[in-house]
Amino acid sequence: MPRFFVLPAAALAVLLGSASARAELIVFTDGRTVKAAGYEVQGEELEIRVRGGGSYTVDMALVERIVEDEVLVSEVEVREVGGDEKVAYDLSYNDDRKPLFGSAYDAIIQAEARKHDLDASFVSAVIRAESNYEPRAISRKGARGLMQLMPATAKRLSVRRPFDPASNVGGGVRYLKELLQRFNHRPELVLAAYNAGEGAVSTYGGVPPYRETIGYVKKILSWWTPAIAATVAPAVAPSSAPVSSSPAPVSK
């Protein structure tokens with residue numbers, strides 16, 4: 001089956017660090033994406049400010065995620081490319097790959113990682129980036145708990161107590177497992193989807209060119225396995241295959 005990726009016509013300008021505009025992307029559970037001037041979480045509702053003035057509110061249960069700092073692209077070209085340029089890594093559970101940071105929640109992380117056959121060190125790196133191990137964390141975007149689950153995601157994963165560490169980590173690990181299966185053990189795509197949404201990764205054919213998402217992916221991979229962190233680039237940029245390191249690449 002042919003593979004495609006999205007190549008913005010403005011790719012060279014992006015790569016050279018040209019000025020780009022800020023935006024707030026509100027991604028809904030039905031797949032719609034709204035570009036907003038700003039937003040504010042108000043309990044179980046989200047106020048979305050409209051460019052040009054005015055605002056409206058929606059139920060937080062309808063919001064999949066919020067992504068800031070979009071790199072705006074005026075034109076998009078889709079073209080077919082050859083084989084996969086990235087390496088798939090083994091993200092399955094391994095007793096030798098423990099949680100990385102010696103937290104009070106390592107036993108929970110390890111238990112949930114073992115249960116869902118997912119690398120515990122990878123899960124621990126995600127938690128550090130998401131909440132820095134604060135179980136009652138609430139982000140400006142409305143994400144909650146250790147793995148910063150949005151209300152809609154928590155509801156879909158049947159996480160009824162988002163501030164309970166075991167419940168939150170269990171839901172977050174299940175979601176990572178879904179992404180792992182969808183994106184074929186590609187850690188940079190799994191992380192990009194966790195941050196920016198599956199639709200954004202599919203649309204761009206790689207890590208979306210959002211400053212927030214690029215920084216998020218690189219930060220986590222620098223903790224988890226630095227050898228591949230340096231190779232991560234947005235989908236608009238060509239990049240070479242990562243250097244193999246522990247964890248080992250999946251055999252093809």
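**Close-ups of a predicted model**

Buried residues, meaning those under 20% relative accessible area with a 1.4 Å probe and protein chains only, make up 52% of the 252 residues in the protein. This is a predicted model, where local features need pLDDT of at least 70, side-chain atom pairs count only at pLDDT 80 or more, and totals for chains, interfaces and linings use all residues. Residues are numbered from 1 along each chain as its sequence is written, and side-chain values use heavy atoms, leaving out hydrogens and water.

**View 1. Asn195 and its polar partners.** Asn195 is buried at 10% relative accessibility. Its side chain makes polar contacts (N or O atoms within 3.5 Å, one able to donate a hydrogen and the other to accept it; residues adjacent in sequence count only if both atoms are side-chain atoms) with the side chains of Glu212 at 3.1 Å and Thr213 at 2.6 Å.

**View 2. Rings of Phe101 and Tyr133.** Five aromatic pairs (ring centres within 6.5 Å, using the six-membered ring of Trp; planes under 30 degrees apart are stacked, over 60 edge-to-face, the rest tilted) turn up in the whole structure. Here the Phe101 and Tyr133 centres are 6.3 Å apart with planes at 70°, so this pair is edge-to-face. Tyr133 is buried at 13%.

**View 3. Arginines over rings.** Arg136 lies over the face of Phe163, 4.6 Å from the ring centre.

Note on methods. Buried < 20%, exposed > 50% of the residue type's maximum accessible area, 1.4 Å probe, protein only. Lys NZ or Arg CZ within 6 Å of the ring centre and 35° of its normal.
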